[in-house]
Amino acid sequence: MKRVPAPADQQPDSFAFTAENLEVAKRHIAKYPPRRQASAVMPLLDLAQRQHENWLPRAAMDAVAEMLEMPRIRVYEVATFYTMYNLAPVGQHFVQICTTTPCWLRGSDDVVSACKSKLGIEMGDTTADGKFTVIEVECLGACVNAPMMQINDDYYEDLTAASTIAVLEALAKGETPKVGPQSGRHTTEPAGGPTTLREFMGDG
Amino acid sequence: MPTLTINGQEITVDANTTVLQAAEELGIEIPRFCYHDRLSIAGNCRMCLVEMEKAPKPIASCAMPVGEGMVIRTNSPVAEKARKGAMEFLLINHPLDCPICDQGGECDLQDQAVAYGRNDSRFDEIKRAVKDKYLGPLIATTMTRCITCTRCVRFATEIAGVEELGATFRGEETEIGTYIEEALTSELSGNLVDVCPVGALTNQAYAFAARPWELNKTESIDVHDAVGCNIRIDCRGAEVLRVLPRLHEDVNEEWLSDRSRYAVDGLGLQRLDQPYVRVNGKLQPASWETAFAAIKARLDGLGEDAGGKIAAIAGDMADVEAMLALKELFIALGSTDIDCRQDGAKIGGKHRGGYLFNTSIAGIEDADALLLVGCNPRLEATLVNARIRKRWLAGGFPVAVIGGVGGPGADLTYKYDYLGAGPATLAEVVDGSHAFAKILADAERPMIIVGSGAVARDDGAAVLELARNVAEKTNMISPDWNGFNVLHRAASRVGGLDIGFLPGDGGRDVAGIVDAAGKGEIDLVWLLGADEIDMAGLGDAFVVYQGHHGDAGAHRADVILPGAAYTEKDATWVNTEGRVQLGRRAAYPPGDAREDWTILRAFSAIMEQPLPYDNLQQLRHHMVEVVPSMGLIDEVGPGEMGAFGVAGDVDGAAFESPIDDYYLANAICRASAVMADCSRLYSGTGTNSGSTGGATGTDG
């Protein structure tokens, strides 16, 4: 899906790191040798995005470029290349549903349709209240717990239509749903419970 | 020195050569799109795939360094198949719009598709479309045609030194552009059109004007600055449609600055195409006879002492032949008040080394420290600046600036130390009290470039003396190295100085002529294309303007003699290095306009002082007799050094940049609609953004 930068009327005029984030930014820059500060471009863009409602306005890219003394176009290249930088406003809960083969085989179509029907929007859209944006993404590397979706920084795994809706409802109410597998299993252990090394669990 | 075999031929080359370059040495051409021998290697078009023995798959020859014992085949079935595959992929998203594409007929992709393209398409999916980008008023874009070779990105980044172009987004969505839709801020942007191998970037001013096979191509010399870029003038009939750079490794390599390339529409506008005579305060069209008679009447009216009451000034684009004829005419008429230094530079005289760019433009690449005094090479001589940047990129090249750039923040496309603004700082470098003096003294081949901002002022001779002292004290001048340079802005200047188009004994210089004319001491001023002097200061003097454009000089003139522009005459120019180069006529002058030396020859007959040459050969022969260096075509004659400059007091005023507006520097530019657009955008109040399809004023 082609990412389209926010139009000019949605772009803020300026961007500045908060004092706190400025300290973090300086720590990132300090990781690299002098005159190699441009290497800090990705963590700084991420920091800017986190500070700015999970999307990266042009002013923020310009601010990062100035801070790292690099040409602006080089920052634009990085920010547009990596899909995890959002170039236009997104909902408060940024839902990324994996539909790559393992998740698809395990029922990601159900997750997608559950999201669509629950939120009443199509893939790529944002709800009218600005709370949710749903997009389809390629593999997020949690195939062992397929199907899964990522909402902001958290993975919700082993989803079904029902548990997808439950997660969304909890978020809509402002609650914090349990992160990780929604099926009750612990992390990535076998779906039917542990099969080896059971003696270490104390049940014999 | 590895030895490798290409198509059965053995060759031994340098270790850091690539396979493609080695093949080129053998005369074997390998097709390519992204590879360009003056840019860094990208290796992304895959068109240069060749077969290498023992390699599991074809290799990209542009990026593969040679190795001992390599066996390369450039035309084997494997290589051919690989290229056909690469071509098929390139054509997947490339539109089939050659009939409406300006690159048609001179397109690398079109040519190579003939050799490697399929005659049908196996691609049934939807083709990508890319929104066109705005890169300024000079470059038209059709980005759907882009094959993302990134030559333009690399040119802007490496040669032009403006990091404004980039490849944004990824994969099939990759787009070339500035991302922010702002015009490029480079004086070399026109070269992007040349490096683009397809029709994605084309010449906006030449849009839909002609096909390459319709054009008459003439190899000539550019006169928009004193670099003397080698150009090719493309004409259809009498109309100059475009100007392209021509390869000259020692001057412009293969680049051209925007002014030289894009001001050509000015050659068809505001032209003086017939003589005019001012009657009752109003310029009236006249015949040559009437115009000459009017001048003769005025001269005859001056009586015995006519020689002391007439003066001649040569403009910035005058050719050597015309200046020589004008000089000899005025000497015959008894005048010593002639000058070719419109800007008032205090240079010239018997020491040729005192006004040349002695290091030579290519020589910049051998220098190891540079001091710029009162000049902004980016605007005054863009391709000299490109050469300085090239040297700077190679590393170990400290650059310092004294004035002339407008302040310490000016962008010259390379880093420099801003030492100070005026002569005081230069004096510190002379007496060694400034830290940069030591850098110059420690350098093996240091150089100094003195611009007209430093010498075109009242204390210019003293500044020149200071600059020479810098050169002498820091060992810039030795038998095998001369680091003293004067950077000129006018194509005519060095030629004029070489033939001595300078005030004779007791004669007046430009400022003196204007002053004397204002006081009535000089009664007739002959302007040979001189438009950049104070016309109001000429007072009631009778002004003869001989030139090609209706600019300041023509407006002031009492008699206008229509001359030929640089594309319309066979003529000689000498660039800032002292390199004598021949321009060739690409079109005839419009209407009654004539080549300049012939006008002067004709008038000399009217005055019964006929100049001793009846054709160009005789004039050239005479010119070489008078000034032997004029016979050394494309060579830099000797530039002997000496005690030029005059010791004296300098005032404290800062060196000012003499360029107000790069895009409006001469009469041709001021007539050009394209240059007017650029001026509004870059120098004036225009906004630096726009939408594609914005009119350039050249449409239709």
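The largest nonpolar core of this predicted model has 92 residues; a nonpolar core is a set of buried Ala, Val, Leu, Ile, Met, Phe, Trp, Tyr and Cys residues joined through side-chain atoms within 4.5 Å. Buried means under 20% relative accessible area, exposed over 50%, and partly exposed in between (1.4 Å probe, protein chains only). Among the residues with the most contacts inside this core are Ile139(B), Phe155(B) and Ile449(B). Helix H4 (residues 151-160) of chain B gives the largest share, 6 residues. Helices (H or I, at least four residues) and strands (E, at least two) are DSSP runs, numbered from the N terminus. Apart from this core lies another, of 82 residues, including Leu299(B) and Phe644(B).

Residues are numbered from 1 along each chain as its sequence is written, and chains are lettered from A and ligands numbered from 1 in the order in which they are written. Local features need pLDDT of at least 70, side-chain atom pairs count only at pLDDT 80 or more, totals for chains, interfaces and linings use all residues, and side-chain values use heavy atoms, with hydrogens and water left out.

Next come the charged pairs. Over all chains, a search of the whole structure finds 62 salt bridges, each a side-chain nitrogen of Lys or Arg within 4 Å of a carboxyl oxygen of Asp or Glu. In one of them, Arg73(B) meets Glu51(B) at 3.6 Å, N to O. Arg73(B) lies in strand S5 and Glu51(B) in strand S3 of chain B, so the pair ties together parts that are 22 residues apart in sequence. Glu51(B) is buried, at 17% relative accessible area, while Arg73(B) is partly exposed, at 30%.

Another salt bridge joins Lys296(B) and Asp300(B), at 3.0 Å. Both residues lie in helix H7 (residues 288-300) of chain B, 4 residues apart, about one turn of the helix. An α-helix has 3.6 residues a turn, so residues three or four places apart point the same way.

The last stop is the interface between the chains. Chain A and chain B each give 17 residues to the contact, where contact means heavy atoms within 4.5 Å. The area buried between them is about 1,400 Å², with 56% from carbon and sulfur atoms; buried area is the accessible area (1.4 Å probe) that two parts lose on being put together, summed over both. Across this interface the rule finds 2 salt bridges. Arg72(A) forms a salt bridge with Glu182(B), the closest N and O atoms being 3.9 Å apart.
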